[in-house]
Amino acid sequence: MSVIFGRAPLRISLGGGGTDLPSYYREHGGFVVSGAIDKYVYMLTHTVFQRRYLMKYTETESVEEISQIRHPILREALLRHWRGSPIEIASVADVPSGTGMGSSGAFTVCLLKSLAHARSTSITPGALAEAACEIEIEILKEPVGKQDPYVAAHGGICAYTFHRDGHVGVVPLELAPETLRKLRDNLLLFYTGEARDASAVLSDQDERSKRGDTDMLANLNATKEMGHQFEALLREGDVDSYAGLMNEHWENKRRRSPGMASEHIDRLYTLARRSGVIGGKLVGAGGGGFLLVYARRPADTRQAMAAAGAPELVFDFEFSGAQATEYA
């Protein structure tokens with residue numbers, strides 16, 4: 001009896017987020033710097049002696065045909081990437097969905113990686129990411145970008161260039177050990193207590209980009225330029241300047257769409273700044289999730305956030321990307 005254990009990492013966007021949506025990059029090109037972290041979507045896939053398709057996530061489904069599966073990503077992935085007998089799939093994650101860390105993209109990548117392994121088929125990170133993007137963007141018409149599947153598939157800290165023709169260039173950043181140490185020690189994640197559905201924020205950006213809204217395009221153009229600046233500063237090891245640009249990046253992002261921030265989030269960010277934070281931003285589309293900050297005095301910031309009721313998610317970067325292993 002074969003059981004396949006798969007996992008795919010979540011991510012924190014380090015600059016340029018939002019320019020990876022097709023509505024923007026197909027006309028202007030996009031650029032994002034992003035890092036995979038050691039928080040994952042996990043999946044168990046059982047491939048033998050199943051008489052029905054059994055899907056276990058936040059709900060449980062037991063059906064006779066793939067087309068009857070309600071979960072859209074599971075259904076569409078199995079329809080296109082599975083020709084075997086009925087299987088059982090169970091998934092869990094280190095972080096809840098709706099918290100801005102790319103869980104949907106990681107879920108899709110983890111699923112496709114596991115199915116490829118179950119078919120005894122190798123798949124490159126690029127092909128894996130593109131297959132996930134096809135399901136979420138082309139088939140399900142979700143207003144999401146390409147960043148999340150690419151980070152989940154590749155791992156590491158990389159610069160992603162989203163070309164107008166849909167091709168994605170991936171360049172791993174070889175950071176100096178001291179630069180990486182500073183990022184590991186001083187970048188902190190705090191949960192705002194507000195999960196959200198990113199589709200409302202992303203749909204607003206998507207629609208305005210499609211119709212050529214000048215304010216939205218100017219905002220995204222500035223975001224992309226800051227993404228390139230983030231890459232240069234990290235390569236140079238100028239982490240303090242990187243952190244300062246994070247604050248400018250967040251102020252620009254707040255102006256992008258309604259619902260990007262709330263009074264509670266603004267209050268947490270103000271408290272973080274008073275504790276010695278140089279800069280920070282919400283990870284993901286906005287509206288809730290996790291606040292990423294760069295702290296001069298991490299102990300002071302941890303104390304301030306704990307007093308405000310914002311628990312920390314301790315993390316490290318991870319460099320393996322999506323993995324699948326079979327257990328007999």
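Predicted model: local features only at pLDDT ≥ 70, side-chain atom pairs only at ≥ 80, totals over all residues.
Residues are numbered from 1 along each chain as its sequence is written, and side-chain values use heavy atoms, leaving out hydrogens and water.

Strand E10, residues 290–295, runs antiparallel to E9, and five bridges join them. Strands here are DSSP runs of E with at least two residues, helices are runs of H or I with at least four, and both are numbered from the N terminus. Strands pair if DSSP finds at least two bridges between them.

Now the whole sheet: it is open, with three antiparallel strands in the order E8-E10-E9. E8 (187–191) and E9 (277–282) are the edge strands, each pairing on one side only.

Helix H9, residues 239–254, lies across E8, E9 and E10 at about 40 degrees to E9; contact means heavy atoms within 4.5 Å. Angles run from 0 to 180 degrees between N-to-C directions, with axes fitted to C-alpha atoms, for helices over the stretch in contact. Helix H6 (177–186) lies across E8 and E10, at about 25 degrees to E8.

Last, a helix pair. The axes of H4 (125–139) and H5 (147–154) come within 8 Å and cross at roughly 150 degrees. H4 and H5 are therefore roughly antiparallel, the term for angles over 145 degrees. Among the residues meeting there are Leu-128 and Cys-133 in H4, and Tyr-150 and Ala-153 in H5. Thanks, everyone!

Key
Parallel < 35°, antiparallel > 145°, perpendicular 65-115°, else oblique.
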